[in-house]
Every structure is written in structure tokens, then in C-alpha cells.
Amino acid sequence: MGDYLAVDVGASSGRVMLGRLVDGGKIELWEVHRFSNGFVRQDGVCCWEIDSLIDEILTALVKVKQMGVLSCTLGIATWAVDYVLVDKDGKKIKEAVSYRDERTQTAAKKVSQIISPELHYAKTGIQFLEFNTIYQLYTEPPDVMKKTRHILMIPDYLGFCLTGVAVTEYTNATTTALLDYQTKDFDDELLKIISVNREQFAPFAEAGRVLGDILPKFHNSHDLPKCTVIVAATHDTASAVVGTPGFGDDWAFLSSGTWSLLGVELDKAIVNDRARKANYSNEGGICGTYRFLKNIMGMWLIQEIRRLLNADLLDLLKQAEQAVPFRSLINPTDSALLNPQNMIETIQNATIKGMEKPTTSGELVRCVLDSLAILYALTMDELETITEKTMNRLIIIGGGSQNDLLNQLTADMLGKTVAAGPPEATALGNIAVQMMAREGHTLAFVRKLIENSFENRIFAPKSDYRTIERYKTLWT
């Protein structure tokens, strides 16, 4: 029993959720604190305002104390691949650079000239993305790296600031494209390429380890509850998959947020040429599992349209529902969509040749949703081929699971049942790891708790939009 706090920070927003078991063996969640997050340009570089996240966590803890919570545990999960460089005194050397910064655009090509993509994948089993941590570290100036005592992934840095204990959490570390998937340790050859010493990464920590108590200095400046930080599955997708109520081996997950991550949970990695060519990752999970998945563009496209139009999301979705379906399509994997100055113009310019460019708000959003649904179907086809498994249902989790239009389009395109929810899967997975650490529960047990606590909405295929081969031809 007890109170559990889940810090869930995404690339565009963050929140802190309070969870506890109530009568009847169900988990209840309360949103304690919500805040915005994002990168800003400093001297032409896209940087995270990382220290403000510490302030937001402390604000949440103050609010929890005001709610009457005197003692709790806390876990932190954030986006992957980005990091903070810390010196021997534990001080941040420079601002944390966002993966959307342009600095890695040429780094990947340079690294591939030192180690072939085939060998790199054979070592790590990680999908090629031009912003993988290995390419970011490759761009760091030698004088900066010489001062660096620890390279801390974002959630590890936040935990370090709160407790003074530096660790490298395994699920997030796998996304760096620096770990040997077989030894589950950093690969010496890859580290040599980027001129990094193994000692510059803090010791590994598995999800569920007790990191430490909140430092006394924060209690001196804030009225906080007694709080012990437990290492969560700190990559938010890892936490989200822990929080997915999936059982058996015939389900796939789609973590739908700023990014879409579609995959399956496996006991063994799949590292072969077919997986590499299809650009799949074998990211580390908890309890010895792997998340075999593809990382593709997601709600970022809608977020940017909404920001530029200063529009309400529900209004945009209503307009999209009235728009002509499949009138305009884009390839959501187009690198031009990663961080354009104007997303609307970029989408219009990226419209597949021979189709009409979207102009109205509804057409723009419909273009994105139709394109994502097709991409999900294509990815599911790949997934089933590579794993040699048939997936009878797709469980969509995260904030995007509340987008009913996209859920139905996805069910139609896949020709499979889609179960939507829970939207708070990342927070629930975070809390589940804390429960496993404190109460000794199994992964199956906490997933059953989640299933009993939150109802999934079911979307069955209604229309046959499955013209995959035609769209695949258009995209290539």
C-alpha cells in the first residue's frame, strides 16, 4: 500500500500523478501538477530548460503535502536519447541540447564512415535515427567532454539532482545506440568512436532500485513530504509498455504521443538484416524483456499545426472528421517534418505527388491522421512478417489513445480490433514499478491491476480502407 508519485515528462508537457490502491484492489490516479515543457533556442541551439523541471517536481511535492500525503515514493520517466553533461563537482557543464537540434544532421553520416550501419546494428539492435545519442555525443567539443565526469540521461539527471545519486537506468540507456544488446553493457568500440570513456557513464541501475531520499536542502527550502526516489523504467515508452494491460503473445502496442512507437514485447531480441532494413529497435524493457518497435512520427505534427493556428484540438478534430478522407497524404517519416520552421507549409510541400495539397485546418489534420493510420498498417505488416507472429489486436496507449477518429481509422486500416487506453499508461507503468519494488508484485500482477482499474474503449473495423499496396507505391 502507500502513495506513489509518477513524474511523466514528455517533449511538450509534463505532469505529476498521484496513485494509490483503493478498496476493491483498484488503482486510482489524481493529477497533482501539470506544466509545459519544450526547448528554446539559445545562441542558435535548441536547448531544454532542464533545471525548471526540478522546480516543477518540487512544486508537485509541495502540493502533495498540502493534500495530506506525509510519505511517498517517486519515480521519474521522460523522453529518451537526450542527456546532461555533469562535471566532477556535480554541476551541469552546459545546457541540455534537444534531439530536434540540427547538430546531428551530418554526424550520422560521419559515424557511418567509421563503422558500417550493418555492424552498428549487429552490435546494438537499435533503430537508426539521426538524433540517436551516439550521434549527439559525436558532436560534443573535446574540451567539453574532457570536463565531463558523468553523462546522465535526462531522467537520471533529474534523479541525481533530487538525491545526489548518479546512475544509468538500463531501459533508457539502450536507446543511446551505444549498448551491446547481448552483454547489456556499453560497447568499447562505439565509445572509442565518440571519444567517451566507460567511466563517464554512471553505474547501471535496474528499474525498481531505491535511488535515495530527497536531499535535505530541498526540505529546508520547501514543505515536502518524506519522499524516496525509486528508479522507474525511466524511458517513458518503457514505462508506458509496463502500464499496458496486454496478456499472451498476440497483441501489439502503439504508444501514441509526440512520437508513435509501434511494437511488441519479446523475451528475445530480433537482430537480423531484415529487422535492420525495416529500421526496428530492440529497446531494453523490465524483467528481461525487449520492446521490438519502430519509432515513427506522431502527434508532434498535430501539435505544431495547433500551435501555428492557435486552435483548440477538439475543434480541429471535428473539422478533420468532416474533411474528405484520403484526399491528401504525406509520408510521416519524412525528415523534413522533424523540426521545420513552419509545419503547415512543410506538410503542404510534402504532400504526395498527384494529390491535392491540404489548405484548411480540417484538411491539414485529416491529412496527418489518414497518413498515420496508413503508416501504422504498413508497420504492423512489417512487424508480423519479421516476428513471424499474427497480432490479433493493437492496444493504443498514451495521450493519442483519446483521438477517436485516429483510433477508428487505424482499426479500419489494420482490419484488426483496436483497444484504446489507458491514456495514462506511462504514469501507471511508473507506479507499477514502484509497487513491484515496494510490495514484491510481479509484472503480470500489476498489469492485471491496471486492466481492472481502467476500461479500454474498443474500436472494431468498420470500413475497408485497406489499399496498402497502392499507398506503399505512392510513398516510395
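Visitor: In this predicted model, what share of the contacts between residues at least 6 apart in sequence join residues at least 24 apart?

Guide: Contact means heavy atoms within 4.5 Å. Among contacts between residues at least 6 apart in sequence, 74% join residues at least 24 apart. Residues are numbered from 1 along each chain as its sequence is written, and side-chain values use heavy atoms, with hydrogens and water left out. Since the model is predicted, local features need pLDDT of at least 70 and side-chain atom pairs count only at pLDDT 80 or more, while totals for chains, interfaces and linings use all residues.

Visitor: How many helices and strands does the protein have?

Guide: Helices (H or I, at least four residues) and strands (E, at least two) are DSSP runs, numbered from the N terminus. The protein has 19 helices and 21 strands. The radius of gyration, taken over C-alpha atoms, is judged against a globule rule of 2.2 Å times the number of residues to the power 0.38. Here the radius of gyration is 22 Å, close to the 23 Å from the globule rule for 476 residues, so the protein is as compact as a globular protein of that length.

Visitor: What percentage of the residues count as buried?

Guide: Buried means under 20% relative accessible area, exposed over 50%, and partly exposed in between (1.4 Å probe, protein chains only). Of the 476 residues, 59% count as buried.

Visitor: Which residues of helix α18 are buried?

Guide: In α18 (residues 443-453), the buried residues are Leu443, Val446, Arg447, Leu449, Ile450 and Ser453. They are on the same side of α18, because they cover an arc of only 155 degrees around the axis. The arc is that of the directions from the helix axis to the C-beta atoms. Among the elements they pack against are β2 (13-22), β3 (26-36) and α17 (425-439).

Visitor: Why is helix α14 described as largely enclosed by the rest of the structure?

Guide: Six of the eight residues of α14 (residues 343-350) are buried, so the helix is largely enclosed. Those buried residues are Met343, Ile344, Thr346, Ile347, Gln348 and Ala350. Their cover includes α12 and α15.

Visitor: At what angle do helices α13 and α15 pack?

Guide: Axes are lines fitted to C-alpha atoms, for helices over the stretch in contact, and angles run from 0 to 180 degrees between N-to-C directions. Angles under 35 degrees count as roughly parallel, over 145 as roughly antiparallel, 65 to 115 as roughly perpendicular and the rest as oblique. Helix α13 (residues 313-322) meets α15 (residues 361-387) at about 80 degrees, with the axes 7 Å apart. That makes α13 roughly perpendicular to α15. Leu316, Leu317, Gln319, Ala320 and Glu321 of α13 make the contact with Ser361, Gly362, Val365, Arg366 and Leu369 of α15.

Visitor: Where does Trp300 lie, and which residues does it contact?

Guide: Trp300 is in helix α12 (residues 300-309) and counts as buried at 8% relative accessibility. Leaving aside neighbours within four places in sequence, Trp300 contacts Arg100, Gly257, Thr258, Leu337, Leu338, Asn339 and Met343.
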